[in-house]
Amino acid sequence: STLSSSSAASDVYKRQHPNLPPFWRRAAEECGLRTIALDIPYVYPAETFDGLELHGWAGHYKLVPTFTLPPSWLKAVHREFGEAPIEGYGPGILPVRKYIELRDTLVAASRRATDMAATLIEREPWNLFLISLSATHSGGHQLWDATNVRGETNAEQAEELGGALRALYVESDRAIGQLLEAAGGETPCLVFALHGMADNTCLGSILPEMLD
C-alpha cells in the first residue's frame, strides 16, 4: 500500500508541479558548474546532465523510482554502495518495536548516504556538491511522541522510544562533521534545515466541515 500510495502521490505532484529543471542543472548548462547531487527531494530525471545525480535512494519517500544521472551510474552505485536502504515510507500507528526498527533503519540509511557522499567528495571532480539527509524528517513524523504507539509499553521501552528522535539528530550532526571534514576547511559550506517539526494536535478550525 505504501508503494501504491507513493505512486498516486507522484502522479498528483506531477500534475500540480511542472517538471522545472533544478537550479544546479541550469548552473551546469549555463555556467559549466559540475555538480554532484544526492537524494534531493522532488527531483525528476533528465535526458542529459554533466555531473552525477542519485535520487530516491535514502530519501523520505519516493515520487519516482530510484534513478541516477547518467542512468548507467545506478549499477555502479548498487555495486559499490548497495541497494536503496529505504524502499518506502508510510505513517501509521505501530508497536514500539517497529518504531525502534525505524530508528535503526534511518540511522543506518544516514550513515550509508554520508559514507557515499564522503567517498564521492574525495574521488570525483565537482564544483558544487549537494546532499539531503531526511532521517530527521521521517523520524519526526513517527517518533515525535509516544502517543503514536500501539499497545502497552514498559518503562525500558518508553525510555528507548523517548530517545529515538534525538538519536537521529545526533547521527545527522555526526554526518555533517564527516562531510565537512571530507570537503576540507577551504570549501564554502552551507547547512540548513528545509523545515522543522512541531506538535499538531488541533483540527478545530475544520471541525464544522468534518461534522458536515
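How many salt bridges does the count come to when a salt bridge is a side-chain nitrogen of Lys or Arg within 4 Å of a carboxyl oxygen of Asp or Glu? By this rule the count comes to 10 salt bridges. The structure is a predicted model, in which local features need pLDDT of at least 70 and side-chain atom pairs count only at pLDDT 80 or more, while totals for chains, interfaces and linings use all residues. Residues are numbered from 1 along each chain as its sequence is written, and side-chain values use heavy atoms, with hydrogens and water left out.

Among the salt bridges is that of E80 with R123, whose closest N and O atoms are 2.8 Å apart. Because E80 belongs to helix α3 and R123 to helix α4, the pair ties together parts that are 43 residues apart in sequence. Here helices (H or I, at least four residues) and strands (E, at least two) are DSSP runs, numbered from the N terminus.

The two helices α3 and α4 pack at an angle of about 115°, their axes being 12 Å apart; axes are lines fitted to C-alpha atoms, for helices over the stretch in contact, and angles run from 0 to 180 degrees between N-to-C directions. In this packing, W73, V77, E80 and F81 of α3 meet R112, M116, T119, L120 and R123 of α4, where contact means heavy atoms within 4.5 Å. The residues of this contact divide into five nonpolar, one polar and three charged, with Ala, Val, Leu, Ile, Met, Phe, Trp, Tyr, Cys and Pro counted as nonpolar, Asp, Glu, Lys and Arg as charged, and the others, Gly among them, as polar.

Helix α4 (residues 96-123) also packs with helix α6 (residues 155-162), at an angle of about 35° and with axes 10 Å apart. On the α4 side, V96, Y99, I100 and R103 meet Q157, E160 and L161 of α6. By class, the contact of α4 with α6 has four nonpolar, one polar and two charged residues.

Two backbone features lie in loops. The peptide bond that joins L69 and P70 is cis, with omega of about -5°, and P70 is found in the loop between β3 (67-69) and α3 (73-81). D39, although not a glycine, has a positive phi of about 55°, and D39 lies in the loop between β1 (35-38) and β2 (51-55).
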